[in-house]
Amino acid sequence: MVNWKKYGKIFDPTQLKVFSYCNEFAQSPQVLKIDNGFRIYYSTREIDETGKFLSHIAFVDFNKDFSKIIGKSEKPVIPLGGLGTFDEHGIFPINPLKVESEVYAYTCGWSRRKSVSVETSTGLAISKDGGKTFLKTGQGPIFSSSLNEPFLVGDSFVKKFNNKFHMWYIYGVRWLENSQEEPARVYKIAHATSDDGMVWDRNGETCIPDKIGENECQALPSVEYHNDQYHMVFCYRHAMGFRKDPSKGYRLGYALSDDGIHWERNDDFGGIDIPNGEWDRDMRCYPHLFSHEGELILLYNGNEFGKYGFGLAKLEN
């Protein structure tokens, strides 16, 4: 088993409000390295006129040892889409990637539906000012549902290895009728490649085996190459009952690979899904794995899907 040192919660959106209309939630923290530290993007929530949530992307800047906040966004870094677009009702998450002098942002756009709660797709926005603001490449997604992946494509995490773009993402495999609540979605992790980061080849094959049955939901894969292996951290939960029963809520999963395509899952070996305190006692979710100066570092959310912020852990061996 590998050992992770957990430093606890390092950011609470209820204590530092980035926008006046978004007082809670800092979901899916993802890192962009900047000159004097780290910019951490996250998704925060606004309540619209119907009483439902809209998800916006904000950021907070930390110094190099994550001990001090040195800046924050003053408005959403990417606007939501217009009427009928794939990201009309929210963007969550965003994955930043430096590509030469620009920063690519792979976004997960949300739009509401009538028969089921939501549909998602992946969009692309590009920043020319170091990640402070982004301009969408178009109104539509670059990566969406297809013949063999008919719904819920998103959570795209992109890295460039050996001059090739690699994407690990989720796709929906089924909706479940649920007499107690609205229909429940089931989604898995898959892999795609690209030469330019915009046009993608994919096979629609699940790359992480289930642990809690065929209706396990897998989300937010993030991958880093470290000590001659690819490491993936993701989160998983039961399809139903997860909102009220902590034992069915999100947990962190771990997998290793020699090529980034074929994965061996071993959550116990990962040694990462251990509560650090009251803030993550009931849930650990939405992880982001990255490396810095030879260290593997993890950001992740706690209880209530990141309502009260995110924490940090570092690999010790």
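Student: Is T120 buried or exposed?

Tutor: T120 is buried, as its relative accessible area is 4%. Buried means under 20% relative accessible area, exposed over 50% and partly exposed in between, with a 1.4 Å probe and protein chains only. Please note that this is a predicted model, in which local features need pLDDT of at least 70, side-chain atom pairs count only at pLDDT 80 or more, and totals for chains, interfaces and linings use all residues. Residues are numbered from 1 along each chain as its sequence is written, and side-chain values use heavy atoms, with hydrogens and water left out.

Student: Where is T120 found?

Tutor: T120 belongs to strand β8, which covers residues 118–127. Strands (E, at least two residues) and helices (H or I, at least four) are DSSP runs, numbered from the N terminus.

Student: Which residues is T120 in contact with, leaving aside its neighbours within four places in sequence?

Tutor: They are C108, G109, W110, L152, V153 and G154. Contact means heavy atoms within 4.5 Å. For L152, which is 32 residues from T120 along the chain, the C-alpha atoms of the pair are separated by 4.8 Å.

Student: Now the whole chain. How many helices and strands are there?

Tutor: The protein chain has two helices and 20 strands. Its radius of gyration is 18 Å, close to the 20 Å that the globule rule gives for 317 residues, so the chain is as compact as a globular protein of that length. The radius is taken over C-alpha atoms, and the globule rule is 2.2 Å times the number of residues to the power 0.38. The C-alpha trace spans about 45 × 45 × 40 Å along its principal axes.

Student: What share of the residues is buried?

Tutor: Buried residues account for 57% of the 317. Of the contacts between residues at least 6 apart in sequence, 53% join residues at least 24 apart. The accessible surface is about 14100 Å², and 47% of that belongs to carbon and sulfur atoms. These areas come from the Shrake-Rupley method with a 1.4 Å probe; for residues, only the protein chains shown count as cover.

Student: On to the backbone. Which residues does the cis peptide bond join?

Tutor: The bond joins F92 and P93, with omega at about 0°. P93 lies in strand β6.

Student: What is phi of N162, and of L220?

Tutor: Phi of N162 is near 50°, a positive value in a residue other than glycine. For L220, also a residue other than glycine, phi is positive too, near 45°. N162 sits in the loop between β10 and β11 and counts as exposed at 72% relative accessibility. L220 is in strand β14 and is buried, with a relative accessible area of 3%.

Student: What is the volume of the largest pocket?

Tutor: About 890 Å³. Of its 38 lining residues, R45, W110, V118, R185 and R243 are the closest to its centre. On a 1 Å grid over the protein atoms alone, a pocket is an open set of points with protein on both sides within 12 Å along at least five of seven lines, a cavity is a set where a 1.4 Å probe fits but cannot get out, and lining residues have an atom within 4 Å of a point. Grid points are joined across faces, edges and corners, and a volume is the space filled by probe spheres set on the points.

Student: Which strand gives the largest share of that lining?

Tutor: Strand β7 does, with four residues. By class, the lining of the largest pocket has 18 nonpolar, eight polar and 12 charged residues. Ala, Val, Leu, Ile, Met, Phe, Trp, Tyr, Cys and Pro count as nonpolar, Asp, Glu, Lys and Arg as charged, and the others, Gly among them, as polar.

Student: And how many cavities of 30 Å³ or more are there?

Tutor: The count is one, and the largest cavity has a volume of about 60 Å³. Its lining includes I78, F86, D87 and K136. Strand β8 supplies the largest share, three residues. The classes here are five nonpolar, five polar and two charged residues.
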